[in-house]
Amino acid sequence: MRILLISPPFYRIIGFYNRYFPYGITVLGTVLAHNQHQVKIYDADFYENPKNIDYARLPEKYPSYLKSFADKEHHVWREVRQTIADFKPDIVGISVFTTFAASAFYVAQITKELFPSCPVIFGGPHATVKPEEILQISPHVDYVVRGEGELTLQELVQYLETGSPHLTAIDGLSMREPSGIRHNKERAPVRDMDSIPVPDRRLLMNEKKYSPEDMGMIMTSRGCPYNCTYCASGKHVSYRSPDNVLKEIMMVHEKYKTTQFTFKDDSFTVNRKRVEELCHKILQKKLQINWECNTRADLIDEALLKIMKKAGCNFIKIGIESGSEKILGAMNKKISISLSRKIAPMLRKSGIHWTGYFLIGVPGETVEDINQTVQFMHELNPDTALLGVYEPFPGTVMFEDGIRRKLVKKDMRLEDFYTTSPNNYYKANPYIQTDTIAPDTFAEIEKQAKKIFHNHNVGLKKVFKAALSRSKAYIKEPVLLVGDIKKFLAYTFSSP
């Protein structure tokens, strides 16, 4: 069967830089291709010439995103329509994240306008937590794959091709029936991650246009064992073996000449022994690569950082979140202020460039809590500090708390997705961020905080240190330097 898997456009429409290829649906496409289907991955969010990189200012561009849905001649949507029409799919699968759910719904609509009988399948984080809502509000979506999709999608495609197995026997699937919407039982998580094929990047429609760094994204595990109240990540953690990860690194390094990789796991160093083993294998193979990862403050120490640095780690991103113990408690972060104070000098000593993520605007937060967060950022002085404003995502504990506080509404209508800025999805009132700070006051605090964080990240000293951390990669891959200069200029001159 001819199967088109689509990552909907979002950042591209508003001119923002969007890194990497769509890893998840490329894995799914690889599974289907191994079953002799004709598969293509269409990354409709791929953008060669981004103009913006300061993601704190994303909401300022959302009006143009919403306007695009009413513009039949918008160049991105023209391309989407033409690509689907040219491919003539038997099945279309669409990846759905809450933030760009509107685009996913619109791609589904376009598909049905072109090919009314073509089954449309939703999958991804938003589909996993909101299957009932999706099937209720969108007549253009036929099936929703919940959770890990490799086996569920494979069985669904087999049913659509042969009529077997019966739909009711496919775990992890939601669908419409004459009597209403049916949700089959949950699909058990994949236990043997090495049984999942390495994503075949050749399936990407624009394979030749991706940079080597874009091709260097790798997922070495799934899930996160922690229970932060703002996060909907699965709590079961499955790991790929170090040998399996090394196989993908070497393949990408050889085929795409990638020297800067990104391990995109939720928390890369949860399993310390596995990380140490992978680092040793990278060193044994004498791979001249660099890589970055995400982790937590309680999952690193000097010894681990030392071996990671030796094996090529040059960037680490850590969620600090707040400078208020009260708010950290509400987030169930299980990381104290004192621990963050301890790891900041440790990271500086390691020589690894580090980014601290911070979050404001959570339910129950006060002006003083936000001030403490800004002050804590200055105290820790990360190489880069990124500030986010809380958005209520379904499937999280904080979302349910927001419902109790009357800050969040449980469901959305289809028209809401097309008329509401994505940062306000599921808010009961888009003008009210939290129940403890007046809207006008919060708006001013948010503006000032974003300016402070922006100013923290610019300057020659910051640029030099960031460039130094990637210097080895620049030597092997000069195009990285050109790209980084463009990003630096875009960020610097986007000053609020």
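This is a predicted model: local features need pLDDT of at least 70, side-chain atom pairs count only at pLDDT 80 or more; totals for chains, interfaces and linings use all residues.
Colleague: How many cavities of 30 Å³ or more does the count come to, and what makes a set of points a cavity?

Modeller: The count comes to two cavities of 30 Å³ or more, where a cavity is a set of points, on a 1 Å grid over the protein atoms alone, at which a 1.4 Å probe fits but cannot get out. Residues are numbered from 1 along each chain as its sequence is written, and side-chain values use heavy atoms, with hydrogens and water left out.

Colleague: Which residues line the largest cavity, and how do they divide by class?

Modeller: Its lining, meaning residues with an atom within 4 Å of a point, consists of Pro363, Tyr390, Pro392, Gly402, Leu407, Val408, Lys427, Ile432 and Gln433. Six of these are nonpolar, two polar and one charged, given that Ala, Val, Leu, Ile, Met, Phe, Trp, Tyr, Cys and Pro count as nonpolar, Asp, Glu, Lys and Arg as charged, and the others, Gly among them, as polar. Pro392 also belongs to the lining of the second largest cavity, together with Thr98, Thr99, Glu391, Phe393, Pro422 and Tyr425, and that lining divides into four nonpolar, two polar and one charged.

Colleague: Why is H8 called oblique to H9?

Modeller: The axes of H8 (residues 242-256) and H9 (residues 272-284) come within 9 Å and cross at roughly 45°. H8 is therefore oblique to H9, as this angle is not under 35 degrees (roughly parallel), over 145 (roughly antiparallel) or 65 to 115 (roughly perpendicular), and the rest count as oblique. The crossing of H8 and H9 is right-handed. Pro242, Asp243, Val245, Leu246 and Ile249 of H8 meet Arg274, Glu277, Leu278, Lys281 and Ile282 of H9, contact being heavy atoms within 4.5 Å. By class, this contact of H8 with H9 has six nonpolar, no polar and four charged residues.

Colleague: What makes H9 roughly parallel to H10?

Modeller: The axes of H9 and H10 (residues 302-310) come within 9 Å and cross at roughly 30°. H9 is therefore roughly parallel to H10, and their crossing is left-handed. From H9, the contact takes in Arg272, Val275, Glu276, Cys279, His280 and Leu283, and from H10 it takes in Ala303, Leu304, Ile307, Met308 and Lys310. The residues in this contact of H9 with H10 are seven nonpolar, one polar and three charged.

Colleague: How do you know that H13 and H16 are roughly parallel to each other?

Modeller: H13 (residues 367-380) and H16 (residues 439-457) pack at an angle of about 0°, with their axes 11 Å apart. On that angle, H13 and H16 are therefore roughly parallel to each other. In the contact, Val367, Ile370, Val374, Met377 and His378 of H13 face Thr441, Phe442, Ile445, Ala449, Ile452, Phe453 and His456 of H16. By class, the contact of H13 with H16 has nine nonpolar, three polar and no charged residues.

Colleague: What makes the peptide bond between Ser164 and Pro165 cis?

Modeller: Omega is about 0° for the bond that joins Ser164 and Pro165, and Pro165 lies in the loop between helix H7 (150-162) and strand S6 (173-177).

Note on methods. Axes are lines fitted to C-alpha atoms, for helices over the stretch in contact, and angles run from 0 to 180 degrees between N-to-C directions. Helices (H or I, at least four residues) and strands (E, at least two) are DSSP runs, numbered from the N terminus. A crossing is left-handed if the near helix is turned anticlockwise from the far one by less than a right angle, and right-handed if clockwise. On a 1 Å grid over the protein atoms alone, a cavity is a set of points where a 1.4 Å probe fits but cannot get out, and a pocket is an open set with protein on both sides within 12 Å along at least five of seven lines; lining residues have an atom within 4 Å of a point. Grid points are joined across faces, edges and corners, and a volume is the space filled by probe spheres set on the points.
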